[in-house]
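Please consider the model displayed below.

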Number of protein chains: 2
Amino acid sequence: MRSEVELIRLLQQRFPAGGGVRVGIGDDAAVLAGDGRRDWVVTTDLLVEGVHFLRAAQSARALGWKALARSLSDIAAMGARPRYALVALAAPASTPTEWVKNFFAGMGRLARRHRVKVAGGDLAAAPQVVADVQVLGEVKKGKALLRRGARPGDIIFASGTPGLSGLGLACLRARVASVRPLLKRAVRAHVFPQPRLGLAAALARRGGVTAMIDLSDGLSTDLNHLCEASGVGARVYAEMIPAVKVPPSLERRLRTSGLKLALEAGEDYELLFTVTPKAALRLPRQLAGIKLTPIGEITRGRRITIVGSFGRPLPLPPRGWDHFRR
Amino acid sequence: MRSEVELIRLLQQRFPAGGGVRVGIGDDAAVLAGDGRRDWVVTTDLLVEGVHFLRAAQSARALGWKALARSLSDIAAMGARPRYALVALAAPASTPTEWVKNFFAGMGRLARRHRVKVAGGDLAAAPQVVADVQVLGEVKKGKALLRRGARPGDIIFASGTPGLSGLGLACLRARVASVRPLLKRAVRAHVFPQPRLGLAAALARRGGVTAMIDLSDGLSTDLNHLCEASGVGARVYAEMIPAVKVPPSLERRLRTSGLKLALEAGEDYELLFTVTPKAALRLPRQLAGIKLTPIGEITRGRRITIVGSFGRPLPLPPRGWDHFRR
């Protein structure tokens, strides 16, 4: 198969927006015309055993939590409020009932936290666990935050600590005992990711946000998605990226670095967004309890570059998650 | 794992309706409070390679069609009108792009026929093909047709020819050449099922329908679901069931019968519904081009029985599809 980006382009041609679909395929979620005052925002997100997770390595509770968290993060990225969820779960017929119960208990915990009602679903037997969660949210009419609104001169912000979840996964994979507070936080960020719904709502209320995407595939890939959709370029500064700080000895052991994890690892479910220069000046360093960091600016043209301590901008290709990259 | 019915009961306890969810887990689709005049009807339906289909046996176009048809049938069973679809597709990374294109071409054809807009989706790599399709539909406020409204004395109807799809599958499995018109129709019904949206809309307009479900799991299982939800029993008459008529020689070869296929095979996507005795008298034999046949009546108590040529009612347990039956 071709790359995910190419496949999505095929789908956009076959299924264009219009006829009630305000925003169709290609953003974090679709936007549908609701009644006079609000739009519906809908998303679907797959979680596949052996691809997104190893069942032996994570509890059923954690998987139920994460299956919903991924879709809630898509809703957050649109500046919308989640209302309802549907859950399709396929699992081997030999799966213990207890596992299924715990899966839904984990999902239920996150749903309650964000006042999301699980309204329905589907169950099927399958050779391995596959969960697909849809969330329906709402947003003021015409106010969904899209990937495609970034303009040259806008300032690029990232929330939280990109790479933290990737560090957690690397520790789990390498069986590094997570005794240090940083590693505990990292593993927790990976296993129980927190969708940034409160932050997204606060940003939507403040105004001045021109484009937004969630950091699910790694900053380098998600920044590329945002720029591609907006028809712009970007310049980010390596030293400004609030990447997870990994002690040098651990970087050597894990054969990675904090910056690399932030750019490539994904699953952070933080928000990457652009704001007008004026709004950027007024933006606090922390909003809804989450750290906000300016990391660069939107540029004319289509080049996406990163400026390191070496001074000269280097290309920043998408090195994050792509399901179908050959 | 326990049976599907038990799992669904667990989920109903964990995720009760209320708070905007008018009808939650346990019907063909969920009903959500919309604006003043209409409700939203939403459903999600999994299609798993090796469980619901063998990839080698069916074209990508047919699978794309069927993945959407299953969800549209759920919407039909609620008496609702489908508006939007989301599609999550997991497939091996080695899948040819052409296969994916054809999958979406088949889905697109059915979507256009029923004016459904495909608004978004998700793509992921997985060891085998898994498609999950959500459909959002709408219905007049409070007018969704549920499984739970059947009352003693109501007449039970089935649409079309239950067992036709099962005969098609049996022919495909046994490599029976489908040269006879009946077998051609049967294979077509299995490969390109027609959700009964036109019929459902016509029934909803006429009124008098007290409960409805789609025949996806086989008449015996779906009738059990409807009665369970309504807290009633039922008596059906074997000779009235408009089961597919299979020539005796083929029945022997396939080791099944038309009645058995109708009761147990599933995937017919016909409608099973109950109407008040008064409305039953006014119901034409054909509606929206689809044959309607009375097959029995709703009874007090919880027994579900079938009356055969033997005269005495025999229990009719659910013998259709259950993903998790041990």
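How far apart do the C-alpha centres of domain 1 of chain A and domain 2 of chain A lie? The separation of these C-alpha centres is 22 Å. The model is predicted: local features need pLDDT of at least 70 and side-chain atom pairs count only at pLDDT 80 or more, whereas totals for chains, interfaces and linings use all residues. Residues are numbered from 1 along each chain as its sequence is written, and chains are lettered from A and ligands numbered from 1 in the order in which they are written.

In chain A, domain 1 covers 4-140 and domain 2 covers 147-315, with bounds that come from an automatic or database domain assignment. The contact between them takes 19 residues from domain 1 of chain A and 19 residues from domain 2 of chain A; two residues are in contact if their C-beta atoms, placed from the backbone, lie within 7 Å. On the side of domain 1 of chain A that touches domain 2 of chain A, H2 and strand E4 (81-91) of chain A each supply at least two residues. H2(A) gives the most to this side, with ten residues. Helices (H or I, at least four residues) and strands (E, at least two) are DSSP runs, numbered from the N terminus.

H2(A) also packs against another helix of chain A. The axes of helix H2 (residues 60-77) and helix H3 (residues 97-113) of chain A come within 6 Å and cross at roughly 45 degrees; axes are lines fitted to C-alpha atoms, for helices over the stretch in contact, and angles run from 0 to 180 degrees between N-to-C directions. H2(A) is therefore oblique to H3(A), since angles under 35 degrees count as roughly parallel, over 145 as roughly antiparallel, 65 to 115 as roughly perpendicular and the rest as oblique. Among the residues that meet are Trp65(A) and Leu68(A) in H2(A), and Phe103(A) and Met107(A) in H3(A).

Chain B can be laid on chain A with an RMSD of 0.0 Å by a turn of 180 degrees and a shift of 0.0 Å along the axis; the superposition is by least squares on the C-alpha atoms of residues with pLDDT of at least 70 in both copies. The two copies are thus related as by a two-fold rotation axis. Asp35(B) comes closest to this axis of the residues of chain B, at 3.2 Å (C-alpha).

In the interface, 55 residues of chain B are in contact with 56 residues of chain A. E5(B) provides the largest share of the chain B side, nine residues. Because 100% of the interface residues of chain B are also interface residues in chain A, the copies meet through the same surface.
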